[in-house]
Amino acid sequence: MKKMLMTLAALSGAVAVAAIVTAAAPAGAADMVGNCAVTGAKGSVALTPAVAGQLTVEVNLPAPGFWNGDTPEAIKDGFEYCLAAEIAHRAGLDKVAVVNVAWDALVAGQTKNFDFAMSQISITDERKKVVDFSTPYFASDIGILAKKGTKVDGAAMKSLRIGVQQATTGADFVERRLKPKIPASVYPDTPSMFTALQAGQIDVAMTDTSIVLAQAGASNGVFEVVGQYATGETYGALYPKGGANNATIDNIIQALIDDGTLKMLSAKYLAPAWGADPLAVLFFNPGT
């Protein structure tokens, strides 16, 4: 998710590990991790994981399309899950342990004992002060979610009641670039923001276009994405600062980009979840 770094003081004690789930390749199906059909040569890359025998990946849930399921126990596939499964396979590991953590602590570099995090995390210079990032694997802008039928255009945005998630680059964009007349309402997570939108407490919710498209697709027609703002931001895997495996995992991700695996995963998991081409969503000018 497009999230900006909070101060460390505000983040003290923020880690909230909800659960850990292990997905092992089923017997007789060595080319599967969870529900992901993995590719490439197993064990072709040497990696010493943070926890022996498994790849430990942190995420902040929910993240439909990227991690299919609201809890670690339920997740067996999705774009980022299967990307992690590919990395585990090529590193010779059969298990992917998914750990749900608090977002603020994650981007502040306060979580421990993991190999990397994938949670639609935008790469920013501020975050690079406390964590490392992989090569970018996904591009995303900031989308605008509204109840279906709501009339929204660029000029109207500055007068609307806008909801954002705390510690996100979406929240930073609204405050610093959009500068609405009414200060944005700030929510601790996307579910509470979307609930506020459905209850009519806000007029629009703003976060990554990928995330609001997924929410609209899962809303049974209640919500729609009415516009977006171009940011040029990209997602990357978040690594522990100076981690011994960072360069190795980065090489695997680049190989998965080069061999077309990421395009395949996007077509399989993101297009159905979104139900729309993000490039077809109207772009607004924040200066309007």
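Contact here means heavy atoms within 4.5 Å. Helices (H or I, at least four residues) and strands (E, at least two) are DSSP runs, numbered from the N terminus. The structure is a predicted model, in which local features need pLDDT of at least 70 and side-chain atom pairs count only at pLDDT 80 or more, while totals for chains, interfaces and linings use all residues. Residues are numbered from 1 along each chain as its sequence is written, and side-chain values use heavy atoms, with hydrogens and water left out.

The protein has eight helices and 13 strands. Of its 288 residues, 51% are buried, that is, under 20% relative accessible area with a 1.4 Å probe, protein chains only. The accessible surface (Shrake-Rupley method, 1.4 Å probe) is about 11,700 Å². Carbon and sulfur atoms hold 53% of that surface. Among contacts with a separation of 6 or more, 79% link residues 24 or more positions apart.

Helix α2 (residues 79-90) packs against helix α8 (residues 261-274) at about 145°, and the axes lie 9 Å apart. Axes are lines fitted to C-alpha atoms, for helices over the stretch in contact; angles run from 0 to 180 degrees between N-to-C directions. The α2-α8 crossing is right-handed. On the α2 side, the contact involves F79, C82, L83, E86 and R90. These meet T261, L262, L265, S266, Y269 and L270 of α8. By class, the α2-α8 contact holds seven nonpolar, two polar and two charged residues. Ala, Val, Leu, Ile, Met, Phe, Trp, Tyr, Cys and Pro count as nonpolar, Asp, Glu, Lys and Arg as charged, and the others, Gly among them, as polar.

Helix α2 also packs against α7 (residues 246-258), at about 115° with axes 10 Å apart. L83, E86, I87 and R90 of α2 touch I249, I252, I253, A255 and L256 of α7. This contact has seven nonpolar, no polar and two charged residues.

Five strands build an open sheet of mixed pairing, in the order β10-β9-β11-β8-β12. Strands pair if DSSP finds at least two bridges between them. β10 (185-187) and β12 (223-235) are the edge strands, each pairing on one side only. Neighbouring strands are turned by 25° against each other on average, direction ignored. Strand β8 (residues 138-147) runs antiparallel to β12 and is joined to it by nine bridges. L145 stands opposite V225 in β12. Helix α5 (residues 190-198) packs on this sheet and touches β8, β9 (162-165), β10, β11 (204-208) and β12. The direction of α5 makes about 150° with that of β11.

Definitions and conventions: Left-handed = near helix turned anticlockwise from the far one by under 90°. Buried < 20%, exposed > 50% of the residue type's maximum accessible area, 1.4 Å probe, protein only.
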